[in-house]
Amino acid sequence: MYGRIFTPFAIGGFTIVPEDHPVAPETGLPLIMGKKGAFGSGEHETTASCLEEMERIPGIAGMRCLDLGSGTGILAVAAVRLGAATVVAVDIDPHAAESCAANVRLNGMEGQIFTVCGELSSVGREPYDLLLANIYADIHLALAHEMVALVRPGGWLILSGIPLQDKFDIQRRFRNLGCVEHDWRIMEEYVTLVLHKP
C-alpha cells in the first residue's frame, strides 16, 4: 500500500503507531510504522497472530532472530521490543527491504536490526534462536529444509501466511524435518504454526 492512513491500534501487548503520531505514555510496546511502503503494518490476521505468538515465546530476551519475508519489518521491530538482541530481516523485494530499513530507523533500532535484500541463502549459516516467516505456503514448503537448518537445537519457528487448505502439508513437512508442534492458531483464512526444534 502507498500512503496508507491509520491511527494507533493495539495488538496484544503492542501498539502500532503511525510515524507522525505521538506515542502516548499509556501505549503498549510501540511499533512505529511509516505510512508508505510494503504490506504489513499489523492490519492482516497473519501479522497480528505472529505478534501475539511472539509474546508467548519463552526466553525471547537476548535471542538472535531471523525474519524471513520481512516486508515492513514489523515482526523484526516487535522482536527487539520484546528484548531480542539482534534480528536479520530478509526480503527478496527491494521495495520491502527499503520499507523495512525506514521503519528500523523510525524505531531507532539500526544497531539491532539488519536489513537484507535477497534470498534466504543471503543470510549465511550461523544458527538463529527464533525464525519468523509470514510468507506464502509454497515458499514454506520449498525452503523448509533450509529454514529448519538455520534454527539452533532448542530454537523456535513461527510460521504464518498459511492458507487453511495447506495446513496439513506444512505440518507434515516440518514434522518430518524434526520439528515439534508447540501451538497453532486457526484464523478466518489462515493458520499460524509455532514449532520447536528439539
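## Model and conventions

Helices (H or I, at least four residues) and strands (E, at least two) are DSSP runs, numbered from the N terminus. The structure is a predicted model, in which local features need pLDDT of at least 70 and side-chain atom pairs count only at pLDDT 80 or more, while totals for chains, interfaces and linings use all residues. Residues are numbered from 1 along each chain as its sequence is written, and side-chain values use heavy atoms, with hydrogens and water left out.

β1 and strand β2 (residues 14-18) run antiparallel and are joined by 3 bridges. Within this pair, F9 stands opposite I16 in β2. Contact means heavy atoms within 4.5 Å. β2 and β3 run parallel and are joined by 5 bridges; F14 stands opposite L29 in β3.

Residues are called buried under 20% relative accessible area, exposed over 50%, and partly exposed in between (1.4 Å probe, protein chains only). Strand β3 is mostly covered, with 4 of its 5 residues buried. Helix α1 is mostly covered as well, with 8 of its 10 residues buried. The buried residues of α1 are T46, T47, A48, S49, C50, L51, E53 and M54.

V23 is found in the loop between β2 and β3. Its relative accessible area is 41%, so V23 is partly exposed. Leaving aside its neighbours within four places in sequence, V23 is in contact with V17, P30 and I32. V23 and P8 are 15 residues apart in sequence, and their C-alpha atoms are 8.8 Å apart in space.

## The seven-stranded sheet

A further open sheet has 7 strands in the order β6-β5-β4-β7-β8-β10-β9, again with mixed pairing. The edge strands are β6 (113-117) and β9 (180-186), each pairing on one side only. Direction ignored, neighbouring strands of this sheet are turned by 15° against each other on average.

Strand β10 (residues 190-196) pairs with β9 in the antiparallel sense over 6 bridges. The bridge partner of D183 is V194 in β10. Helix α4 packs on the sheet, where it touches β4, β7 (128-134) and β8, and its direction makes about 175° with that of β8. Helix α5 (residues 167-176) packs on the sheet too, touching β8, β9 and β10; its direction makes about 165° with that of β8.

## The largest pocket

On a 1 Å grid over the protein atoms alone, a pocket is an open set of points with protein on both sides within 12 Å along at least five of seven lines, a cavity is a set where a 1.4 Å probe fits but cannot get out, and lining residues have an atom within 4 Å of a point. Grid points are joined across faces, edges and corners, and a volume is the space filled by probe spheres set on the points.

The largest pocket holds about 770 Å³ of space. Its lining has 32 residues, of which G69, D91, N134, I135 and Y136 lie nearest its centre. At least two lining residues come from each of α1 (45-54), β4 (64-68), α2 (74-81), β5 (86-91), α4 (137-149) and β8 (151-163). Helix α4 gives the most, with 4 residues. By class, the lining has 16 nonpolar, 11 polar and 5 charged residues. Ala, Val, Leu, Ile, Met, Phe, Trp, Tyr, Cys and Pro count as nonpolar, Asp, Glu, Lys and Arg as charged, and the others, Gly among them, as polar.

## The cavity

The count comes to 1 cavity of 30 Å³ or more. About 30 Å³ of space lies in the largest cavity, which is lined by L120, S121, G124, R125, E146 and L150. This lining divides into 2 nonpolar, 2 polar and 2 charged residues.

Notes. Pairing = 2+ DSSP bridges. Axes fitted to C-alpha atoms, helices over the stretch in contact; angles between N-to-C directions.
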